[in-house]
Amino acid sequence: MRVLIVGASGLVGSAMMRVIPALDPNAVVLGTYRSRPWPGLMQLDAANTRAVRDILTDTRPDVILFPAAMPDVEWCEAHEAQAREANLAPLRAVLAGSRKPVIAFSSDYVFDGTAGPYAEDAPRHPLSVYGHIKADVEDETLAAGGAVVRTTGVFGTERPPGKNFVVRLIASLREKKPVTVPTDQLATPTYSDDLAAATYRIALRRGTGMWHVGGPDMLSRFDLARAVAEEFALDASTLRGVTTAELKQKAARPLAGGLRNARYEREFGAEPVRPVRDALREMRDAMSVAT
Ligand SMILES: NC(=O)c1ccc[n+]([C@@H]2O[C@H](COP(=O)([O-])OP(=O)(O)OC[C@H]3O[C@@H](n4cnc5c(N)ncnc54)[C@H](OP(=O)(O)O)[C@@H]3O)[C@@H](O)[C@H]2O)c1
């Protein structure tokens, strides 16, 4: 299997670059970055249709995994037109340029958070610009015959500067910085390495349509932060729980978000993602080897 990962310099893409070759030594895994170079990755701005065509011709992938996005929820809310263009133009170029299957990524932010965790067939009702853009990503990918993997609260080891919640939280607690975390935003945090492996299994099966890949634990950001502090033996006294209303974020958040992996469990007979505590322990071991 020849795999092209567009957006391999990000959190999800870099996990797939790491995990897929370990899972399948016969896989040929190629990846691109847009602005953050990394050894072995090719530069690509996927909004450039000609560059997309050239890279597809050069790399001849059997499947394209497409984590490329500008997923900053607050930035999207404040820059709607720019955010739509930045998220949808690259996807459209890849869908138009490829005859091979494309797997794109979406989020539980397509739901309104009144009834999570959600199964694949739950009705969508996005609350934010980001959520609306993700709904369009889903529609356009599915209309082109591809697959969509919805995920949520992805965390895992990441090269510096790590941007995921867990890595940033560990850094802040180590420096004894105050951290404010919402107590009323619940989701099913997802370990990046398990998301990567599940996505590859879906690709191997040529799975089209909608897939949910989220963790098995439904918990608030605050409870996740406490679990991180415990597992990494960090002083949690600088952690402060607040309500979402107090945070005054620009974009509305789904409060009871999260995902149920109904289809994945049915078709693979297994949970795709390990429990949060197990993932944190693996991260802790990996990070202690790295330092
Ligand atoms: N992280 C989460 O918790 C989470 C939750 C739910 C859904 N998702 C979805 O999962 C996907 C991956 O998220 P992520 O956290 O890995 O995002 P990320 O860390 O911000 O990575 C985004 C990637 O997209 C690349 N990119 C951006 N614009 C591009 C363009 N025009 N052409 C080519 N590449 C471009 C970036 O390259 P450079 O950085 O090199 O510029 C980077 O490699 C997104 O669709 C996101 O919406 C993520």
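Q: Where is Ala233 found?
A: Ala233 sits in the loop between helix 8 (221-231) and strand 13 (239-242). Helices (H or I, at least four residues) and strands (E, at least two) are DSSP runs here, numbered from the N terminus. Residues are numbered from 1 along each chain as its sequence is written. Keep in mind that this is a predicted model, where local features need pLDDT of at least 70, side-chain atom pairs count only at pLDDT 80 or more, and totals for chains, interfaces and linings use all residues.

Q: And what's the phi of Ala233?
A: It is near 50°, a positive value in a residue other than glycine.

Q: Is Ala233 buried or exposed?
A: Ala233 counts as exposed because it has 7 C-beta neighbours inside 10 Å. The cut-offs: 20 or more other C-beta atoms within 10 Å of a residue's own is buried, 12 or fewer is exposed, and in between is partly exposed, with C-beta atoms placed from the backbone.

Q: Which loop holds Arg60?
A: Arg60 is in the loop between helix 2 (49-59) and strand 4 (63-66). Arg60 also has a positive phi, about 45°, although it is not a glycine. With 11 C-beta neighbours inside 10 Å, Arg60 counts as exposed.

Q: OK, backbone again. Is the peptide bond from Gly116 to Pro117 cis or trans?
A: That bond is cis, with omega near 5°. Pro117 is located in the loop between strand 5 and helix 5 (129-143).

Q: Let's switch to the ligand. Which residues around the ligand come nearest?
A: Gly7, Gly10, Arg34, Ser35 and Ala46, out of the 27 residues around the ligand. A residue counts as near if its C-beta atom, placed from the backbone, lies within 6 Å of the molecule.

Q: How do the residues of that shell divide into nonpolar, polar and charged?
A: There are 15 nonpolar, 9 polar and 3 charged. Nonpolar means Ala, Val, Leu, Ile, Met, Phe, Trp, Tyr, Cys and Pro, charged means Asp, Glu, Lys and Arg, and the others, Gly among them, are polar.

Q: Which element gives the most to the shell?
A: Helix 1, with 3 residues. Helix 1 (11-23) and strand 5 (102-107) each supply at least two residues of the shell.

Q: Tell me about helix 1. What does it reach from first C-alpha to last?
A: Helix 1 has 13 residues and reaches 18 Å, close to the 18 Å expected at 1.5 Å a residue. The expected span is 1.5 Å times one less than the number of residues.

Q: What do the buried residues of helix 1 pack against?
A: Their partners are strand 1 (2-6), strand 2 (28-33), strand 4, strand 5, strand 7 (154-155) and helix 7 (192-204). The buried residues of helix 1 include Leu11, Val12, Met16 and Ile20. Contact means that the C-beta atoms of two residues, placed from the backbone, lie within 7 Å.

Q: Helix 7, then. What does Asp194 touch?
A: Not counting residues up to four places away in sequence, Asp194 touches Pro272, Val273 and Arg274. Asp194 lies in helix 7 and is buried, with 23 other C-beta atoms within 10 Å.

Q: Which residues in the largest nonpolar core touch the most other members?
A: Phe66 and Ile103, in a core of 73 residues. Such a core is a set of buried Ala, Val, Leu, Ile, Met, Phe, Trp, Tyr and Cys residues joined through C-beta atoms within 7 Å. Leaving out residues up to four places away in sequence, the contacts of Phe66 are Val6, Gly7, Leu91, Val94, Val102, Ile103 and Ala104.

Q: And where is Cys76?
A: In helix 3 (residues 73-78). Cys76 counts as buried, with 26 C-beta neighbours inside 10 Å. Beyond its neighbours within four places in sequence, Cys76 is in contact with Ala83, Val129, Tyr130 and Ile133.

Q: Zooming out, how many helices and strands are there?
A: The protein has 11 helices and 13 strands. Its radius of gyration is 18 Å, close to the 19 Å that the globule rule gives for 291 residues, so the protein is as compact as a globular protein of that length. The radius is taken over C-alpha atoms, and the rule is 2.2 Å times the number of residues to the power 0.38.

Q: What share of the residues count as buried?
A: 44% of the 291 residues.
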